[in-house]
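Take a moment to look over the chain before reading on. The paragraphs below walk through it piece by piece.

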Amino acid sequence: MNKEEIKLKFKITSYNLLSNNSELPNEINITISKKVKLEDNFLDVIESIANKYKLQDKLNYYLEEIYRTLWSEHFDGIILDEMLKNIDEHNYDALNAKVEYLDKQFNLQNKIIKILILSNEKNYFMKFYFHINRNRKKHIPHVHCWCCGLERKIDLRNLEFIENSFTSKSLSCKALNIVHRYQDEFLGYWKNFIENEEEPIEFKLVI
């Protein structure tokens with residue numbers, strides 16, 4: 001390989017790709033490798049890859065958990081959670097740099113950059129996950145729900161929001177409906193993983 005190039009790995013995931021062309025897939029879930037020049041701008045590389053798989057001009061994309069992926073080599077656990085708590089996951093200004101610079105800092109060659117493609121503004125990427133923390137015994141069983149840059153907690157016993165709901169009533173209802181549908185599974189996760197201090201797990205879907 002050219003010393004001025006490195007090979008990066010990307011996972012491209014898309015949902016609900018609406019098209020009149022039946023030959024196009026409704027979903028994409030692939031991992032690819034691509035040689036990129038060290039002098040290239042990292043965001044330009046992402047843009048070129050995303051555009052290749054967007055298939056339609058109306059589709060949007062974002063980098064899924066990009067900051068967690070990058071910083072996980074330097075920090076872990078509670079420290080990383082606290083560090084990322086106030087980061088805008090859609091603000092990529094810090095990534096507007098040469099591939100060479102980011103590779104030196106984050107060892108890009110050993111990372112998988114996740115690109116999520118959404119079909120239109122009516123689709124919301126909604127993620128459910130759990131935290132393992134020191135005071136878990138004192139917490140009521142709950143699941144965290146992330147959507148549109150906001151994080152909310154839902155009580156798994158009575159299916160109500162803890163503290164605040166989403167500002168959108170529609171999003172709030174959708175989140176509660178999902179938790180209701182998977183209530184038994186989530187409670188099982190809480191008992192088997194959180195209370196026993198196992199690794200946290202995530203449950204992701206697009207609605």
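Does Glu65 count as buried or exposed? This is a predicted model, so the answer is a computed one. At 13% relative accessibility, Glu65 counts as buried, because the cut-off for buried is under 20%. Glu65 sits in the loop between E3 and helix H2, residues 66-71. Its backbone also deserves a look. The phi of Glu65 is near 50°, a positive value in a residue other than glycine. Most residues other than glycine have a negative phi.

Now turn to another glutamate. Glu163 also has a positive phi, near 75°. Glu163 belongs to the loop between strand E8 (161-162) and H5. Its relative accessibility is 70%, so Glu163 counts as exposed. The cut-off for exposed is over 50%.

Follow the chain on into helix H5, residues 169-181, where Ser172 is found. Ser172 is buried, because its relative accessible area is 8%. What does Ser172 touch, leaving aside residues up to four places away in sequence? The contacts are Phe161, Ser165 and Phe166.

Go back to the strands. Which way does strand E1 (residues 5-14) run relative to E4, parallel or antiparallel? The two run parallel, joined by 6 bridges. One landmark in this pairing is Lys9, whose bridge partner in E4 is Ile112. Strand E3 (residues 60-63) also pairs with E4. Here the strands run antiparallel, and 4 bridges join them. In this pairing, Tyr61 has Ile117 of E4 as its bridge partner. In a regular strand, side chains alternate between the two faces of the sheet.

Next comes helix H1, residues 42-54. Start at its N-terminal end. Asn41 caps this end, with a side-chain oxygen 2.9 Å from the backbone nitrogen of Leu43. How far apart are the end C-alpha atoms of H1? They are 18 Å apart. At 1.5 Å a residue, the 13 residues should span 18 Å, so the two values agree.

Which residues of H1 are buried? They are Phe42, Val45, Ile46, Ile49, Ala50, Tyr53 and Lys54. Seen down the axis of H1, these buried residues fall within an arc of 160°, so they line one face of the helix. The other side of H1 carries Asp44 and Lys52, which are exposed. What covers the buried residues of H1? The cover includes E1, strand E2 (28-37), E3, helix H4 (99-106) and E4. After H1 comes Leu55, with a positive phi near 70°.

Finish with the cysteines. How many disulfides does a search of the whole structure find? The search finds 0. Cys145 has a relative accessibility of 0%, so Cys145 counts as buried. For Cys173 the value is 46%, so Cys173 counts as partly exposed.

Notes. Residues numbered from 1 in each chain as written. Predicted model: local features only at pLDDT ≥ 70, side-chain atom pairs only at ≥ 80, totals over all residues. Heavy atoms only, no water. Buried < 20%, exposed > 50% of the residue type's maximum accessible area, 1.4 Å probe, protein only. Contact = heavy atoms within 4.5 Å. Pairing = 2+ DSSP bridges. Expected span 1.5 Å × (residues − 1). Arc of directions from axis to C-beta. Polar contact = N/O pair within 3.5 Å; in protein donor to acceptor, adjacent residues only side chain to side chain. Disulfide = S-S within 2.5 Å.
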